[in-house]
Amino acid sequence: MAIADLQDAQPSTRELPPPDLSHIPGPAAPPLIGHTVAIVKDGYAFHRTAIARYGEVYRYRMFGNQAVALSGPDALEFVLMDRDRIFSSQLGWDVIRRLFSRGLMLRDFDDHRRHRRIMQAAFKSPAMADYLARMNVELDRLVAAWPVDASFRFYPAVKALTLRLGGAVFMGFDTGSGSNRASATAENAEIDRINTAFIEEVRATVGLVRSPLPFTAMRRGVRSRAWLNDRFARLIAERRARVAQGGGGDDFFTQMCLATDEDGNRWSDDEIVDHFNFLLMAAHDTTSTALAKMAWALAAHPEWQARLADEVAALDGAPLTLDSLNRLEQTEWVFKEALRLMPPVPFLPRRAMQAFDWGGYRIPAGTRVQVSPGLVMASPELYTDPDRFDPERFSPDRAEDRRHRFAWAPFGGGAHKCIGMNFATMQVKAFTVALLSRRRLAPADGSATAWRRLPIPQPVGGLPVTLTVA
Ligand code: HEM
């Protein structure tokens, strides 16, 4: 049965009236722009000042909307676990709804659960092992092609790398590691076309003009989405044909075409397109930020680079497997510390579908609510010297991340917890192996110390580094 036949009306699509928040304290909001400029400039500073002044519940205004921030790990747990089914993710994330509609994060409650059960099939171990095999071949080729003994900007390079990797691992294109050179050239050109459209689509999510008026980023984004929908619809036919001929199946897109839940429910073609489109967005910039923060850590802390290089060397150059990645314990601490210091998604929005009580306030239905894994992970109550790069805080002896169930939550939690968490961890570890088995990394002139957190954290100046042969 196609899952569309099971669907009821999504409870969260009805719009709610603007709530009265006058009883909740908060800084005075300048007309129209509200606190947008202060938050875009330094969201952590804005929210820390507000917490110090107003306590753990306060209101603020951003992009023309009033919202209520609930701070601290208990609030994070309350909102993300959502035991009373109060909070809509779809209405919280409405800023991306026009371009990424019907993606998993833009679904709520039972409808979300049904779709998530199907997507889960594409993340099972045998499929993950296939992705890893594809990833290894690509990573070796892509990392080996980076220039040595010359300064180059790591962040744009790693973004380009993850897009290329996406062509092979996510979409199953032949990018040149196979034997057929002519077909690889054509397939690389096709990946580039898809990536160009995808970049336009993502850019539109942060455009100031929210309607697709001529010459706006939103217009280009909406057109790119239409083009991608058409391209992905054809890709479904291409990948199914490949499977029918006895080939393929080892890429994410094909897995999504084949995915069923335990009851045999599957997606319609339109749903595959919607989910894939969202998934590319969810996977790409987040992983690029994580890899850039890891690279910053390795360049800035040579002692940790040496420890990770030893760990990689202990794998003896054998082909990576899911098991061998599990042996990279210290690499995992560094990854966790990178995500703690620079979480790709530091703030999570929701919309309350019912009134609720928190922190001594009655918060009305329709309220935009924000919680922050980023601020929780930077909190001195949970982490010793929280601004310091100190991966050993994740060692079993110290386990600072166990001080609260939501002390470490860069992947969120509850029903919408990142479904790609293990995939991202696998990709970051495989990248670290590809890099440190052949190169060492040092800061180059102008190496970034400053990071911009919005719309997605990235190093100002692109993180110049120098690679040398290991
Ligand atoms: C370091 C990398 C990543 C980080 C930090 C990250 C973070 C997150 C967070 C915080 C959420 C929850 C958002 C919310 O509750 O509002 C989320 C959801 C999601 N992520 Fe990731 N993500 C990463 C990589 C990936 C990858 C590689 C994939 C796919 C292969 C992926 C796919 C998704 C999807 C589909 C959702 C929606 C889940 C749902 O609504 O049920 N993410 N991610």
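Colleague: In this predicted model, how many residues does helix 9 have, and what span in Å does helix 9 reach from its first C-alpha to its last?

Modeller: Helix 9 covers residues 217-244. At 1.5 Å a residue, a span of 40 Å is expected, and the helix comes close to that value.

Colleague: Which residue with a positive phi follows helix 9?

Modeller: The phi of this residue is near 90 degrees. The residue that follows helix 9 is G246.

Colleague: Is the aromatic pair of F253 and F276 stacked or edge-to-face?

Modeller: A search of the whole structure finds 23 aromatic pairs. In the pair of F253 and F276, the ring centres lie 4.8 Å apart and the planes are at 90 degrees. Planes over 60 degrees apart count as edge-to-face, so this pair is edge-to-face.

Colleague: Why does the pair of F253 and F276 tie together separate parts of the sequence, and how many residues apart are they?

Modeller: F253 is buried, with a relative accessible area of 0%, and F276 is also buried at 0%. F253 lies in helix 10 (residues 252-258), whereas F276 lies in helix 11 (residues 269-300). The pair therefore ties together parts whose separation in sequence is 23 residues.

Colleague: At what angle do the axes of helix 6 and helix 16 cross, and is the crossing left-handed or right-handed?

Modeller: Two packed helices are described by the angle between their axes and the distance between the axes. For helix 6 (residues 125-144) and helix 16 (residues 421-436), the axes come within 9 Å. They cross at roughly 35 degrees, and the crossing is right-handed.

Colleague: Which residue of helix 6 both meets helix 16 and belongs to the aromatic cluster with F423?

Modeller: The residues of helix 6 that meet helix 16 include M128, Y131 and L132, and F423 is among their partners in helix 16. The aromatic cluster consists of F123, Y131, F170, F252 and F423. The buried residues of helix 6 also include Y131.

Technical notes: Residues numbered from 1 in each chain as written. Predicted model: local features only at pLDDT ≥ 70, side-chain atom pairs only at ≥ 80, totals over all residues. Heavy atoms only, no water. Helix = DSSP H or I, 4+ residues; strand = E, 2+ residues; numbered from the N terminus. Expected span 1.5 Å × (residues − 1). Phe/Tyr/Trp six-rings, centres within 6.5 Å; stacked < 30°, edge-to-face > 60°. Buried < 20%, exposed > 50% of the residue type's maximum accessible area, 1.4 Å probe, protein only. Axes fitted to C-alpha atoms, helices over the stretch in contact; angles between N-to-C directions. Left-handed = near helix turned anticlockwise from the far one by under 90°. Contact = heavy atoms within 4.5 Å.
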